Amino acid sequence: MGTWDIGHFDNDSAADFSGGLDDAAPGEREALLRSALLSAVGAEEFLDSDEAVEAVAAAALVAAQCPGGAAVTTAYGPKEPVPPLSAELRPLAVRALDRVVAEESELAELWDETESGPAWREGIRALREVLAAASSANG
């Protein structure tokens, strides 16, 4: 995995995922985000790092539309606007992030082997907090 920083889009797989969103019709973008989140949540055994980084990127885009969520301004994020997303994606994104940082996650394992592991986990935790707060506000 080509990774250049701890940001949610600072790797090849997330940048490619963003490109795929840009290539999709606006009406298809929510389905692509949902698919990435469901892929992580549904991983029965070891979660592949590429699936995990796509789930993190998708969660970041969902969180960007939540109160307190940070806009995705990185050059590696989607260039095309993400249409307003269904609030039901918020708890799904929380579950996906929980799976990404779980024991059987290749991405978590890779980050934990580096000095930047704690900072990466803090970024995931902050993203999860925004999503969880927005989920409980709606539910």
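Helix axes in this tour are lines fitted to C-alpha atoms over the stretch in contact, and the angles between them run from 0 to 180 degrees between N-to-C directions. Helices are DSSP runs (H or I, at least four residues), numbered from the N terminus.

The structure is a predicted model, in which local features need pLDDT of at least 70 and side-chain atom pairs count only at pLDDT 80 or more, while totals for chains, interfaces and linings use all residues. Residues are numbered from 1 along each chain as its sequence is written, and side-chain values use heavy atoms, with hydrogens and water left out.

**First stop: α2 and α3**

Select helix α3, residues 49-63, together with α2; their axes lie 8 Å apart and the packing angle is about 130°.

Next, display the side of α2 that supplies Leu-33, Ala-36, Leu-37, Ser-39 and Ala-40 to the contact. Contact means heavy atoms within 4.5 Å.

**Second stop: α1 and α2**

Now select residues 12-23, helix α1, and residues 29-41, helix α2. Their axes come within 9 Å and cross at roughly 150°. This makes α1 roughly antiparallel to α2, and their crossing is right-handed. Phe-17, Gly-20, Leu-21 and Asp-22 of α1 meet Arg-29, Leu-32, Leu-33 and Ala-36 of α2. Five of the residues in this contact are nonpolar, one is polar and two are charged.

Remain on helix α2 and pick Glu-30. Is Glu-30 buried or exposed? Glu-30 counts as buried because its relative accessibility is 19%; buried means under 20% relative accessible area, exposed over 50%, and partly exposed in between (1.4 Å probe, protein chains only). Leaving aside residues up to four places away in sequence, Glu-30 touches Pro-84, Leu-85, Ser-86 and Leu-89.

**Last stop: the aromatic pair**

A search of the whole structure finds one aromatic pair. Select Trp-111 and Trp-120: their ring centres are 6.0 Å apart and their planes stand at 10°, so the pair is stacked. Rings of Phe, Tyr and Trp (its six-membered ring) pair if their centres lie within 6.5 Å, with planes under 30 degrees apart counted as stacked, over 60 as edge-to-face and the rest as tilted. Both Trp-111 and Trp-120 are buried.

Notes:
Helices (H or I, at least four residues) and strands (E, at least two) are DSSP runs, numbered from the N terminus. Angles under 35 degrees count as roughly parallel, over 145 as roughly antiparallel, 65 to 115 as roughly perpendicular and the rest as oblique. A crossing is left-handed if the near helix is turned anticlockwise from the far one by less than a right angle, and right-handed if clockwise. Ala, Val, Leu, Ile, Met, Phe, Trp, Tyr, Cys and Pro count as nonpolar, Asp, Glu, Lys and Arg as charged, and the others, Gly among them, as polar.
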